Amino acid sequence: MFRFVFVAFLLLSHFGVSQVDSCSFVFKGQVMDEHDNTSVPFAKLQLKELNLSVLADSNGMFQFPPVCAGTYTFSCFHHIGCEPVKFQRVIQSNLVEQIFIEFHFEEIEEVNVTHTVFKMSSISVEKPTELDRNYASGKTLGDLVKQIPGVSTLNTGSSISKPIVHGMHSNRVLVLNNEIRQEGQQWGSEHAPEIDPFLSTEVSLIKGASAVRYGSDAIAGVIIVAPKPLKYKAGVRGQWMGTAFSNGRQGATSAYLEGGCKRLKHFSWRAQGTYKQSGTLHTPRYFMKNTASKEYNFSLASKYETTRFGVELFYSQFNTDLGIFAGAHIGNLTDLNTAFNAEKPLEEGSFTYAINRPRQHIEHELFKASAHYQLNEKNKLVFIYGRQYNLRQEYDKHFSYNDSIAALNLPAFQLTLMTYSGDVKWEHQWHKNVNGEIGVSFSQQGNSYQGRFFVPNFKRRNVGIYWIETWKLKTFEFEAGIRADRTDLEVYMYENAVLKNYSHQFQRVNASVGGAKVFGHHWVVRLNAGTAWRPPSINELYSNGLHHGAAAIEIGNRNLEVEVSKNVQAGVTYKSAKSVFQLDVYHNAMDGFIYLKPTLPPALTIKGAFPVFKYEQVDARFSGVDFYFNYKLTPQVHLSGKGAIVRAFNSTSNSFLVGIPADRFEPGFTYIHAFKKERNLVANLSVPFVRIQDRVEENSDYVAPPNGYVLVNAQITYSFLVRQQECYISMEINNMLNQSYRDYLNRFRYFSDEVGRSIGVKLKVPFNIQKHEKN
Amino acid sequence: MKKIKLTLVAATLLVAVVACKKETTPPSTPPPPANEEELITSVRLTFVDTAGIHPTVVALFRDIDGPGGNQPSVFDTIRLKPNAVYAASLEFLNESVNPVDDITVEVLEEATDHLVCYSVFGANASIVRTDSDGTYELGIASRWTTQGASTGSTQVVLKHQPGIKNGSCDIGDSDIELSFVTIIQ
């Protein structure tokens with residue numbers, strides 16, 4: 001099927017479409033920074049042959065006056081003192097293009113900075129740096145997002161990791177994958193987002209409850225991931241990336257091919273695939289039995305885009321098989337206590353690529369069709385349709401006692417979740433300085449299970465409507481948004497062998513306001529406040545039974561109400577030629593914060609007594625600080641640091657909340673050696689410090705939080721250009737000192753140390769298969 | 001011209017839709033009645049006096065809906081006579097299905113992967129396993145020797161030790177762990 005679609009794309013891209021000659025062709029577009037995909041303001045563009053030049057506006061938008069068909073040479077002067085970017089284009093129709101500018105470290109040094117232009121935004125949008133992105137490539141999405149200050153990860157073993165933003169995770173962090181809300185079984189702390197990090201390399205984070213546009217339930221923030229945007233360029237090219245790590249003897253290979261055909265202008269396509277495999281992982285002292293995993297993903301994308309109109313089709317599939325660390329799957333509380341007290345896991349493993357029980361099998365499919373139409377200069381319509389299929393199968397350590405059931409090799413339970421979503425947006429400009437967006441979103445979801453009951457079957461329907469306006473002046477911006485949502489939930493379950501049907505309905509309005517102001521040449525101050533809410537999730541309402549991984553009985557509460565967050569945050573950024581500094585503080589007051597409350601007495605079962613936890617609502621507050629800085633001692637030597645502190649309380653009982661990230665600070669040291677001719681050597685050393693989490697109530701956990709730790713990670717990357725494309729080879733050592741440590745946010749910290757030293761090599765090679773004559 | 005473009009777009013759309021591997025399943029068909037999965041709901045211990053003097057004693061644990069949900073409906077006390085020797089046999093049952101599924105049979109078939117461990121606290125009784133998987137003891141059958149009158153508890157644990165059984169109770173998963181109040185009088 002893959003091949004067929006690929007061939008179809010190729011065929012489609014070769015159909016000839018001729019153009020009528022005339023002298024009214026407009027070339028326009030936007031100047032973008034290749035590294036972070038933000039617009040570059042006020043660049044000067046020159047058309048050499050006609051000696052025309054235009055200036056891009058503050059958003060990097062430019063437009064040349066109409067020209068005749070022909071081949072032209074363009075230069076883009078993006079910064080004073082920088083070498084212009086030169087390119088040729090064959091103009092035979094109206095052409096819209098994003099011009100990507102790449103800043104090199106040495107180039108920045110040459111710039112005679114007299115005035116630093118800020119990208120000013122009232123909401124705090126953060127992205128990992130290019131260096132951090134390279135470092136995280138080939139690892140999990142969690143590792144990639146973790147590079148942003150204020151984000152940590154909640155891990156289950158070493159292969160499952162999900163992001164924690166401002167101390168919250170799962171249903172409180174919205175993940176937007178390629179413009180579609182990621183819909184898996186997010187409620188589970190051992191359910192990581194099903195996203196291929198090799199494909200979705202564009203990552204940004206909006207912290208706080210200010211993301212009205214994306215949903216009502218972005219209580220801690222929104223993580224936006226997307227593939228690199230498809231842009232029309234004739235020819236066929238691609239990129240291969242390979243990574244290998246010593247720990248687990250793991251390897252990954254990922255490649256994409258993309259292209260466009262000269263004769264079918266505006267049509268571009270991309271096909272991409274990833275394969276990743278890892279064997280048993282090793283802590284400094286022992287192998288962690290059954291920690292092998294594999295992952296295989298692919299995606300296809302195509303886009304047709306003219307000046308005013310565009311359609312895009314996207315399909316991706318994510319599949320993974322994960323071994324669950326054998327020492328963590330326990331029969332009962334006695335086993336759990338034995339595992340806690342053991343110096344090392346009772347069952348020791350040896351190296352293998354085989355994935356045994358207990359294990360998980362996960363599949364996720366995303367199909368997206370989107371279209372946009374520019375009605376006129378001031379109005380644009382966007383339509384997005386999404387379909388997601390999510391399958392999660394969990395295989396217990398045991399086969400069934402009954403041989404005929406065991407022979408079927410069925411999972412202990414499986415959950416199938418289908419989600420259909422539709423979004424319509426109207427982007428508009430009322431006035432020169434006022435832009436806005438009005439949108440409606442709709443989704444319908446169905447969940448069904450097979451095997452052991454954990455959550456019931458349900459149907460959920462959600463309708464949301466929002467309106468945002470932004471007022472932008474030269475040094476000041478103000479944004480306000482409002483949103484209303486309604487969720488209908490229908491639950492079907494058997495109770496004492498009778499089918500019961502329960503309905504829930506949740507609706508509410510939320511809003512956000514924010515402003516940003518530039519002070520002088522170097523400072524931006526941001527302030528924003530907002531509310532967010534989420535309906536209780538299905539497990540919070542209806543789970544009832546033994547949670548095997550946690551050795552606890554979890555009981556849902558059907559009377560839960562919505563959880564409401566009121567959030568305020570303030571940030572300040574300083575930027576100069578030599579240094580960057582950013583500090584954000586926030587306070588999040590939650591009404592009806594849903595959490596698992598330990599309840600007496602323990603439940604007696606055939607496997608012994610288990611502690612009982614019930615979902616309850618309390619008032620809670622989260623506050624904290626995130627910061628980041630980078631200082632250039634010399635053009636070659638940079639010092640950097642990032643850190644985050646979170647404090648969280650249950651204000652109803654005036655006690656600490658559990659599972660909150662410990663304080664962390666990560667200083668870094670970077671040395672950049674620029675050779676002649678665009679060859680770079682970057683060496684980087686980072687030393688994350690993580691303090692012990694001592695803000696926990698006594699006896700609130702099976703085992704006291706582990707001690708703090710310090711790690712040393714190093715990376716060296718050599719990059720060079722081959723035919724204007726960047727290749728790199730990089731080597732890294734993680735946990736260089738082979739330290740034995742445990743992290744408070746790893747659910748398997750009860751049973752095992754974290755992985756030991758791992759040496760990795762990464763290679764990125766772009767290539768051109770079919771090149772059209774210079775265009 | 002426009003038509004060609006539209007056709008191309010439509011064709012691509014079609015291909016992409018056809019490429020979707022999974023059929024659309026209708027959302028939420030309610031599941032078949034509960035207990036599709038296998039449960040051990042009940043454990044029965046039967047004590048037969050080897051001397052044939054004292055009456056046979058039966059102790060039962062029963063929790064029809066499995067862990068969580070309703071509390072166990074039966075959890076008997078083991079009441080044995082002092083200074084006697086009992087031959088005890090253990091049964092594991094799934095009583096949530098009709099007919100009742102005797103899981104003891106499966107445990108016996110997989111004897112090399114299982115071990116029953118007994119520990120006595122406070123009561124004057126000693127327990128010895130009297131059956132074997134060929135190499136190691138199994139514990140479905142056991143001999144209980146009682147002494148003076150006393151009260152305490154007996155823990156019965158079924159360990160699942162696939163591929164790792166070595167006669168020790170420390171390894172493997174506990175499929176069953178019950179503490180029966182034990183009275184010798």
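Predicted model: local features only at pLDDT ≥ 70, side-chain atom pairs only at ≥ 80, totals over all residues.
Which residue in β39(A) is the bridge partner of Leu685(A)? The partner is Ala714(A).

**Strands around β39 in chain A**

- Strand β36 (residues 680-686) and strand β39 (residues 713-722) of chain A run antiparallel and are joined by seven bridges. The pair Leu685(A) and Ala714(A) from the opening question belongs here.
- β39(A) also pairs with strand β40 (residues 725-734) of chain A, in the antiparallel sense and over nine bridges. If you look along this pairing, you can find Ser719(A) with its bridge partner in β40(A), Tyr728(A).
- β39(A) and β40(A) form a hairpin with two residues between the strands. In this hairpin, Arg723(A) takes a positive phi near 45°.

**An open sheet of four strands in chain A**

- Follow the order β3-β2-β5-β6 in chain A and you trace an open sheet of four strands with antiparallel pairing.
- The edges belong to β3 (52-55) and β6 (85-91) of chain A; each has a single partner strand, so one side of each is left without a neighbour in the sheet.
- From one strand to the next, the twist averages 25°.
- Within this sheet, strand β2 (residues 44-47) and strand β5 (residues 70-77) of chain A pair in the antiparallel sense through four bridges. Here Lys44(A) stands opposite Phe77(A) in β5(A).

**A nonpolar patch on chain A**

- Six residues to look for on the surface are Phe383(A), Val424(A), Val440(A), Phe442(A), Val463(A) and Ile465(A), which form a nonpolar patch with about 480 Å² of accessible area together.
- Val463(A) lies in strand β24 of chain A. Is Val463(A) buried or partly exposed? With a relative accessible area of 39%, Val463(A) is partly exposed.

**Chain B as a whole**

- Chain B has two helices and eleven strands. Starting at the N terminus, its elements run α-β-β-β-β-β-β-α-β-β-β-β-β.
- Of the 185 residues in chain B, 45% are buried.
- Among contacts in chain B between residues at least 6 apart in sequence, 63% join residues at least 24 apart.
- Chain B exposes about 8,800 Å², and carbon and sulfur atoms supply 56% of this area.

Key
Residues numbered from 1 in each chain as written. Chains lettered and ligands numbered in written order. Heavy atoms only, no water. Pairing = 2+ DSSP bridges. Axes fitted to C-alpha atoms, helices over the stretch in contact; angles between N-to-C directions. Buried < 20%, exposed > 50% of the residue type's maximum accessible area, 1.4 Å probe, protein only. Contact = heavy atoms within 4.5 Å. Areas by Shrake-Rupley, 256 points an atom, 1.4 Å probe, with all protein chains shown as cover. Patch = residues over 30% accessible without salt bridge, like charges linked within 9 Å, V, L, I, M, F, W, Y side chains within 5 Å. Salt bridge = Lys/Arg side-chain N within 4 Å of Asp/Glu carboxyl O.
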